[in-house]
Amino acid sequence: MINETGHLKVSFSSFATSKPPVDRWIAWHYRNLDRAFVTLACERGDDGSETWTCLDSSLTRVNTVLYEAFKKGALYESEIGVRLVRGQKMNAERYLRFVDSIPEQDASKLSTRVLAVAKFPPGSMNAVRVYDQHTWDHSQSVITESTSGITVEIPLSSAEALAFVEVACDRVSIRVQRSSTSISDETKAHSQLQETADMFE
């Protein structure tokens, strides 16, 4: 059984005003940030452990679980009753309405850090650093190289970071890094979402 205990929908539209690079392909991704978002759920398992999962995203490279596959994914799990929202059962239609109702929060104003985690094959550091003569800004990234490959953790805190995800990466997962301040700030939002969830009973 999965119980969603918290939710976060992050909008990256404020990054759309960032100055795009000269490279036209990368610049195209900058111009489309006005509708970029990720919707996340904090999932509590039967053992009490909690993990953040990306339900939905406009970013094409991000792994999401809302419509994962036939008879698989969050929507299907809600329909058959193995996925709850704050302890409440919802059928697929009500669950989808609830997910759509999660209020957006501006990425530039979040105290929570949202990171993309991408994996590259061994020996592909050049693909991590450069694309078509454009050198990516990895000043905030954590890059780990081993014999099994390269892992890049990049905060989604700029247009450059989102362009990297869309252009340079194959598939990425989303990780949430919360501070004590962000946990406090989210408490109010969570109580408001509880009221919203109650509306779908």
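Three aromatic pairs turn up in a search of the whole structure. Rings of Phe, Tyr and Trp (its six-membered ring) are paired here when their centres lie within 6.5 Å, and planes under 30 degrees apart are called stacked, over 60 edge-to-face and the rest tilted. One of the pairs joins Phe12 and Phe15, with ring centres 5.9 Å apart and planes at 40°, so this pair is tilted.

The structure is a predicted model, in which local features need pLDDT of at least 70, side-chain atom pairs count only at pLDDT 80 or more, and totals for chains, interfaces and linings use all residues. Residues are numbered from 1 along each chain as its sequence is written, and side-chain values use heavy atoms, with hydrogens and water left out.

**Aromatic residues**

For burial, the cut-offs are under 20% relative accessible area for buried, over 50% for exposed, and in between for partly exposed (1.4 Å probe, protein chains only). Phe12 has 0% relative accessibility and counts as buried. Phe15, at 7%, is buried as well.

Phe120 and Phe164 form another tilted pair, with 6.2 Å from centre to centre and 35° between the planes. This pair links distant parts of the chain, 44 residues apart: Phe120 belongs to strand 7 (residues 113-120) and Phe164 to helix 5 (residues 159-168). Helices (H or I, at least four residues) and strands (E, at least two) are DSSP runs, numbered from the N terminus. Phe120 is buried at 9% relative accessibility, and Phe164 is buried with a relative accessible area of 1%. Together with Trp136, Phe120 and Phe164 form one aromatic cluster.

How much of helix 5 is covered? The helix is mostly covered, with ten of its ten residues buried. Among them are Glu160 and Glu166, along with Leu162, Phe164 and Val165.

A ring also takes part in a contact with a charge. The charged end of Lys9 sits over the ring of Phe37, 5.0 Å from the ring centre. This term requires NZ of Lys or CZ of Arg within 6 Å of the ring centre and within 35 degrees of the ring normal.

**Salt bridges**

Side chains of opposite charge can pair when their charged atoms come close. A salt bridge is counted when a side-chain nitrogen of Lys or Arg is within 4 Å of a carboxyl oxygen of Asp or Glu. By this rule there are seven salt bridges.

| Glu50 | Arg44 | 2.5 Å |

Glu153 is partly exposed, with a relative accessible area of 22%, and Arg175 is partly exposed at 31%. Salt bridges that share partners join Glu4, Glu43, Glu77 and Arg83 into one network. In the salt bridge between Glu50 and Arg44, Glu50 is partly exposed at 37% relative accessibility, and Arg44 is partly exposed with a relative accessible area of 37%.

**Surface and backbone**

Which residues make the nonpolar surface patch of about 330 Å²? Met1, Tyr76, Ile80 and Val82 make this patch. Patches are made of residues with over 30% relative accessible area and no salt bridge; like charges are joined within 9 Å, and nonpolar side chains (Val, Leu, Ile, Met, Phe, Trp, Tyr) within 5 Å. Accessible areas come from the Shrake-Rupley method with a 1.4 Å probe, and for residues only the protein chains shown count as cover. Val82 lies in the loop between helix 2 (74-79) and strand 4 (83-85). At 33% relative accessibility, Val82 is partly exposed.

Most residues other than glycine have a negative phi. Asp132 has a positive phi of about 45° although it is not a glycine. Asp132 is in the loop between strand 8 (130-131) and strand 9 (134-135), and is exposed with a relative accessible area of 53%. Gln133 lies in the loop between strand 8 and strand 9. Its phi is near 70°, a positive value in a residue other than glycine. Gln133 counts as exposed, at 79% relative accessibility.
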